[in-house]
Amino acid sequence: MATKKSRQLRQPPSASTTKAPIPEMEYLIIGNSAGGIAAAEAIRELDKNGKLAMVSEEPYFAYSRPLISEYLAGERSLDSMLLRPADFYQRNKIEALLGTKVARVDFGPKLVELEDGRSLAWRKLLLATGGTPIVPKLKGSHREGVFTFTTLEDADKIGQAANRGRTLVIIGGGLTGISLAQALVHRGVTVVMVELMDRVLATALDTEASRLVEQALRREQIELILGHTAKEIVGRPEDDRRVGGVILQDGRTIPCDGVVFAIGVAPRTELVAGSAVTLNRGIVVSRRMITSRRDVYACGDAAEAYDFVHKTNRLIPVWPNAVAGGRVAGFNMAGRRVSYEGNTGMHSLNCFGLSTVAAGLVDSKDDPTCEVLADSSAGNGTYRKIVLKNNRIVGMVFVGDIERSGIVFGLMKDRVNVRRYKEALLSPDFGLGTLPDDLRRKRLSLANSQRGDASGNGR
Amino acid sequence: MGCGLCEVYCALAHSTSQDLIKAFKRERPRPVARIRVERTDGLFLPMQCRHCPDSPCVDACLTGAMYKDPDSGAVAVDPYKCSACWTCILVCPYGVITRDIGTGIVAKCDLCPGRDVPACVANCPNEALVCIEDGADAQGSRLAAAAQERTGGH
């Protein structure tokens, strides 16, 4: 059923699927999600006609992967998952090679070999390959009923197993696990969530906010098993090939009909492994998103881009950073020197109606030089925390009333010294109006100055 | 003066009934104002979307719901595509995108499409809110309602 519906998102057969020789591409983008699309749009802002191709192993037009949760919940149709209108590729003169996997990249002669045997030549290459969900090598993880949750295809597979009355175990209490849990609850599935850390969203939130999210999950009858992980996936008594349960490290068995691994993503770097492109955990890029190899760019979950809080390049697999990096890569590929201003880990979550946003260093335990301002006195699940270092905001958590969180995020991003008014940051009526006059005027003119020198830093 | 009429008429303009009494008394979900007057120590600061030429909310949107209208330059939301993840709220440096709990998606200034002048500007008794067209934007002309600051006590 789902496969039939999925055709709505598929590229209609066209010239690009024939065996005709493909000319040299000025720009070749591997990847067709956040980073790749942002780069293609940036390229087209500067170069309307240069030959541009995008390759993706998924056969679909770019769709919003975060929406697979609503899709699985039965709340979203495929056509409303498209990131861009269906004529996006045609309108932007993009050769879309979808459903085609790249077999090999030759960085010397600048060629790409596709698995279907075709080759493409390129002048500028962008690796926007994203990440692959991590599946631990676990006894029994080959069994039918073991899933990951990243793509539309994953959602379709889980959908077939996730019927009312079934039990699914989610390994991992991060954003992916929680968005999946929400979808499964909608489908009437019993959900057990196993998290290795002693709290959910341990890398995104601080302890207090994690507890509020845990309350929201438990209210929906989701069973949370914290501080534990799976040791083995066992089969069914009547059919050993299919998942029948999960054995945890403490020896207890949770009977279930399926297991989903949601413990994170690893950067997809297999195309550059062993090449001249420098690889750390992800592909190493400069502030212009150029790899160690000339004319080769990288962005998104595959790349290690600059984090302005940690003041170093690191993996931050979140959507907004992939878009920001993709835009910078695209501009530079098309000849405009643009520098990535840096980003940091940021998360937003609407968990069964509980609104949570967080960014930067949310847990300051590791750094005694940090100053923490926190307030949970408003009650009703409202909580605010701001982490400061040398009077600059380096981290923030807002739960409940999140409307003014963006002002704080902006002050953090522009490294504004907040010494004069830091107490005001937590006040319930905090807004631009509570900032000192001079700073308020600067912050209000941000849009006019394209967020450049009007940050209010006074540097 | 901090009268808040802009908030009232904004909510009304975005109501189903378009009737002041019905909109505020009976309509469910209650229409939400996309402009908010910050009131601090005699300062009244009406805040709404700036329709930034380089808009962080559009870049951060996970679903493609937030977009820049190619003709007007206005930043708008496709309600059908919004998934209420609130990422746009986190990245808006003005804090002017709101959760609309009634509809379950975000609400923000849309410059009142279909009206000559946005409702907040049309109903501001002190002409503190003005609507200007900014042609400097590379994307073409850009409309933005801008507020002149009234600093009563300062």
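Predicted model: local features only at pLDDT ≥ 70, side-chain atom pairs only at ≥ 80, totals over all residues.
Two residues are in contact if their C-beta atoms, placed from the backbone, lie within 7 Å.

View 1. Residues 24 or more positions apart make up 62% of the contacts in chain A that have a separation of 6 or more. Chain A contains 10 helices and 25 strands. Its radius of gyration is 23 Å, close to the 23 Å that the globule rule gives for 459 residues, so chain A is as compact as a globular protein of that length. Along the principal axes, the C-alpha atoms of chain A fill a box of roughly 65 × 60 × 40 Å. Of the 459 residues of chain A, 47% count as buried.

**View 2. An open sheet of five strands in chain A.** The strands follow the order β8-β15-β9-β10-β11 and pair in the parallel sense. At the edges stand β8 (146–148) and β11 (223–226) of chain A; each has a single partner strand, so one side of each is left without a neighbour in the sheet. On average, neighbouring strands of this sheet are turned by 20° against each other, direction ignored.

**View 3. The pairing of β9 with β10 in chain A.** Strand β9 (residues 167–171) and strand β10 (residues 190–195) of chain A are joined in the parallel sense over five bridges. Within this view, A:Ile171 has A:Val194 of β10(A) as its bridge partner.

**View 4. Helices α5 and α6 of chain A against the strands.** Helix α5 (residues 152–161) of chain A lies across β8 and β15 (258–261) of chain A, and runs at about 145° to β8(A). Helix α6 (residues 175–186) of chain A packs on the sheet and touches β9, β10 and β15 of chain A. The direction of helix α6 makes about 165° with that of β10(A).

Note on methods
Residues numbered from 1 in each chain as written. Chains lettered and ligands numbered in written order. Helix = DSSP H or I, 4+ residues; strand = E, 2+ residues; numbered from the N terminus. Rg over C-alpha atoms; globule rule 2.2 N^0.38 Å. Buried ≥ 20, exposed ≤ 12 C-beta atoms within 10 Å, placed from the backbone. Pairing = 2+ DSSP bridges. Axes fitted to C-alpha atoms, helices over the stretch in contact; angles between N-to-C directions.
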